[in-house]
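Hello! I am handing over the structure we talked about, so please open it and keep it beside you while you read.

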Amino acid sequence: MMVVSNLYAKRGTFFLKNVSIEAKDGSTLMIMGPNGCGKTTLLECVAGLQEIDSGSIVIDGVDVTNLPPEKRRIGYVPEDYALFPNMTVQKNILMAFKKSRGMGLDDLRRIIRLLQIDDLMYRRVESLSSGQKQRVAIARALAIRPSVLLLDEPCSALDPPTREAFRRGMGDILKEVFREFDIPVLYATHDLLEATAIGDEIALMSNGRIEQVGPVSEVFENPRSRFVAEFLGFNVLDGKVLSASAMGASIDVGGVVLRAEGLGAFPEDVKDVVVVIKPQDVILSPTREPFELKWRSCQCNVLSGVVKHIHIEGSMVKADVEVGDVSLKSYVSSEYLEGFEIKPGCKVFVHIRASKVIVLPKA
Amino acid sequence: MRSLDDMKVSVFRIVLFLCLALILAFFICVFTSPVMFTQPWRLVSALLSDEVGFALSLSVITAACSTAISLAIGIPAAYALSRFDFRGKTVVEGLLDIPVAVPPIALGVMLLMFFARNPLGSLINERVIRFVFEVPGIILAQFAVISALTIKMLKEVFDGVPPRYEKVARTLGYTELESFLYVTLPAAKRGVLGVTLLSWARALGEFGATITLAGATRFKTETLPIAIYLNLAAGDLESVATLSIIFLLVSCVTQVVIRKLLYRGFAL
């Protein structure tokens, strides 16, 4: 268990501001955000490689805030793996093993087997592929029997076609790691797919701040700020509250009136709001009636729109639909679309359930 | 249009290679000229002669000493310049540019003045080590000429080793010093060796500062360049030519070794 509290740090002109995160044993906390949001700086603070101004880092109940990196026992895999040059894989791993405490040769062999690098031991690191380097770097980090594992964009050096396979591979590796070591993993990435495929929890960062932390599904279900919603690729619209009651609210979004199920804990006088709708919740239909029965009983916004663009990604069809002056992204499964056809320029009805309209206060 | 463009390119390329050929021809003419003043057998006998033997060994040893001292001070200093930002860093780097630009003879004069008038300098010269007109003066003169250059080149070498290696080493349990010794230095090995050879070669050829501080006494402070100077002053052109050829050969060997080191890269 690792707890970072109220961390402030400065790196050149960049600041980490009031970062607090908790990483549980045996789970992966994804540190997510666009490039330059402070992911690497945060990991380096945890590793002790970056001076902090205030705040604390506690690992398994021990305050390591003022310990030098060599005393923290934190496994660190930087973005390009940083395998020591001019050395074999074996030498790289032994460099770590030499400094480990409470690790036997059998433990080391298990790590090597776990990462499937048995055959690479006598290879020079320069001759390895990116994927092999990645596994060797993780093995090296684990060879000190760390109390926390930090992975900084471990898949960014891989080519896109191999990335997906590695993403899956990474998930498997981490499962194995958790079986062997009951430690928290901090995993920095800017890739949404990676975050959902691998992470248990997610901490979204922007400009040196944590925007939202929580289990992956919760963050995806309830984005708490405009930044988070935009980063997750949701429809984010500025709106004005027209009327609000216990039954729900009417919100004017660029001339289109949307019903939402409620404003939750909003103060009454708030008028300017941000409306967030997930693309999967923007349902297209050729008629005013929802295309699938299960949606018929809900309170639903039915709007008429025109399809602007269609792109197909795997089994997902992504459509941009214009409703009045508002452009909405809609993700529809191709299976669903077998029932009717949509093309750019064709008129459709857009169904958005009132319960799926998320309303956030404007910052 | 197209042929005109092609023409331009080819004329341009001809000029490029003409310049290259010109400089090559120039140096071939220069390097082969001493051969006309001596015979091959003279080279062998010169190498076996007491004077050349003394000058060559004195040069090799003093250059090795000054290079070793430059490295001992230069490696930590260059590492500090490469890894840390501190107030006045640009001033320090600027100061290190000066010894590289100042003529060695001026450096020698300043050293001589330091030992002659500066109370600290004369105390050192009188009580600790005698530098003026003595062998230690040769080493000091060479050090004065090469040290700043050594540090500048070593800084480049360390700049080429990403600090990430050290960061990872720190997390693995290595202290700052251990990370430097076990990770950075091995990664910079080839580069450091290259700098060592270049510094040594520069020290070997050092003349201006050496003759000013250590003087030109036969069989005492007579390094190879000073031997050339003494023989030239005495009008013994054959010896001068022979010594020049010896120098040329030493440089060739050094260059070949450096090339070998550098061709395999700084091993990053």
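Two strands are said to pair if DSSP finds at least two bridges between them. Helices (H or I, at least four residues) and strands (E, at least two) are themselves DSSP runs, numbered from the N terminus.

A word on the source: this is a predicted model, in which local features need pLDDT of at least 70 and side-chain atom pairs count only at pLDDT 80 or more, while totals for chains, interfaces and linings use all residues. Residues are numbered from 1 along each chain as its sequence is written, and chains are lettered from A and ligands numbered from 1 in the order in which they are written.

Let's start with chain A as a whole. Chain A has 9 helices and 20 strands, and its C-alpha atoms fill a box of roughly 70 × 45 × 35 Å along the principal axes.

Strand S4 (residues 52-59) pairs with strand S1 (residues 2-11) in the antiparallel sense over 6 bridges, with A:Val3 standing opposite A:Val58 in S4(A). S4(A) also pairs with strand S5 (residues 62-63), again antiparallel, over 2 bridges. Here A:Ile59 has A:Val62 in S5(A) as its bridge partner. S4(A) and S5(A) form a hairpin with 2 residues between them, and A:Asp60 in the turn has a positive phi of about 50 degrees.

Further along, look for an open sheet of 5 strands in chain A, with the order S15-S19-S16-S17-S18 and antiparallel pairing. Why does strand S15 (283-285) have one side without a neighbour in the sheet? S15 and strand S18 (326-333) stand at the edges, each with a single partner strand, so one side of each is left without a neighbour. On average, neighbouring strands of this sheet are turned by 45 degrees against each other, direction ignored. S15(A) pairs with strand S19 (residues 347-353) over 3 antiparallel bridges, and A:Leu284 has A:Val350 in S19(A) as its bridge partner.

Now for what is buried (a residue is buried if 20 or more other C-beta atoms, placed from the backbone, lie within 10 Å of its own). Buried residues make up 40% of the 363 residues in chain A. In helix H2 (residues 89-98) of chain A, the buried residues are A:Val89, A:Asn92, A:Ile93, A:Met95, A:Ala96 and A:Phe97. They pack against helix H3 (105-114) and helix H4 (130-142) of chain A together with H8 of chain B.

That brings us to where the chains meet. Two residues are in contact if their C-beta atoms, placed from the backbone, lie within 7 Å. How many residues does each chain give to the contact? Chain B gives 16 residues and chain A gives 16 residues. On the side of chain B, the elements that give two or more residues are helix H8 (164-172) and helix H9 (176-187). H8(B) provides the largest share of that side, 7 residues.

Note on methods. A residue is buried if 20 or more other C-beta atoms lie within 10 Å of its own, exposed if 12 or fewer, and partly exposed in between; C-beta atoms are placed from the backbone. Axes are lines fitted to C-alpha atoms, for helices over the stretch in contact, and angles run from 0 to 180 degrees between N-to-C directions.
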